[in-house]
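Please open the model in your viewer and keep the selection tool at hand.

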Amino acid sequence: GPACVRRDQHWIPTRGGPAVVQSEPAPGMDEAGVWRVAAASERESEHPLARAVVARATDLHVAGASASGFENVPGHGALGTVDGARVAVGNPRLMEREHVALGALASRQDDLLAAGRTVICVAVDGQPIGLVAVADAIWPPPLAPGMNKNTVDDAKFRTRFTAMSPE
């Protein structure tokens with residue numbers, strides 16, 4: 001059956017993996033262009049992040065692009081050709097490796113990483129065209145008033161160790 005998580009005495013179905021939260025086009029780029037390139041490059045991949053990107057592009061009815069010659073770069077992302085242009089889609093390490101300077105997107109990337117997102121960078125012919133932010137479909141949970149991330153972590157820590165304490 002579907003994956004579920006327990007939250008406040010209720011079982012809540014999850015979408016069973018990562019979900020795309022948002023995209024951040026580079027200045028002068030449109031969101032559809034980012035999705036078009038990202039989805040074309042990820043279409044052949046079995047990676048859960050890639051599937052999340054393709055699913056989101058499909059939800060947005062973004063027209064497909066022709067992709068070819070994609071090679072997986074383990075732990076980094078993928079390189080290939082979309083509509084005749086060289087494309088790099090992957091994490092910040094792949095952008096460094098391909099000498100892509102994120103420019104105006106660098107601070108947005110830092111914000112998204114700080115918020116616990118997985119960030120996929122999309123570059124065409126060495127120029128960044130946007131970022132795609134991915135998060136687990138049900139994380140973070142909504143916080144009760146007066147709670148912050150530290151109280152949640154503290155509660156999880158206490159619960160774990162209380163459960164393990166011998167009677």
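A nonpolar core is a set of buried Ala, Val, Leu, Ile, Met, Phe, Trp, Tyr and Cys residues joined through side-chain atoms within 4.5 Å; buried means under 20% relative accessible area, exposed over 50%, and partly exposed in between (1.4 Å probe, protein chains only). The model is predicted, so that local features need pLDDT of at least 70 and side-chain atom pairs count only at pLDDT 80 or more, while totals for chains, interfaces and linings use all residues. Residues are numbered from 1 along each chain as its sequence is written, and side-chain values use heavy atoms, with hydrogens and water left out.

**First stop: the cores**

Select V20, W35, V53, V122 and V132: among the 22 residues of the largest nonpolar core, these touch the most other members. Two or more residues of this core come from each of α1, α2, β6, β7 and β8 (127–136); helices (H or I, at least four residues) and strands (E, at least two) are DSSP runs, numbered from the N terminus. The largest share, 6 residues, is that of α1. Apart from this core lies another, of 15 residues, including L79, M95, L105 and L112.

**Second stop: strand β3**

Select S23, which lies in strand β3. Is S23 buried or exposed? With a relative accessibility of 9%, S23 counts as buried. Its side chain forms polar contacts (N or O atoms within 3.5 Å; within protein, one able to donate a hydrogen and the other to accept it, and residues adjacent in sequence counting only if both atoms are side-chain atoms). The partners are the side chains of E31, at 2.7 Å, and W35, at 3.4 Å.

Next, select E24, also in β3 (residues 18–25). E24 is buried, at 17% relative accessible area. Its side chain has a polar contact of 3.0 Å with that of R108 and one of 3.3 Å with that of Q22. Beyond four places in sequence, E24 is in contact (heavy atoms within 4.5 Å) with L105, R108, L112, I129, G130 and L131.

Finally, select E42, H47, N72, G77 and A78, which of the 22 residues lining the second largest pocket lie nearest its centre. A pocket is an open set of points on a 1 Å grid over the protein atoms alone where a 1.4 Å probe fits, with protein on both sides within 12 Å along at least five of seven lines; lining residues have an atom within 4 Å of a point. Strand β4 gives the most to this lining, with 4 residues.
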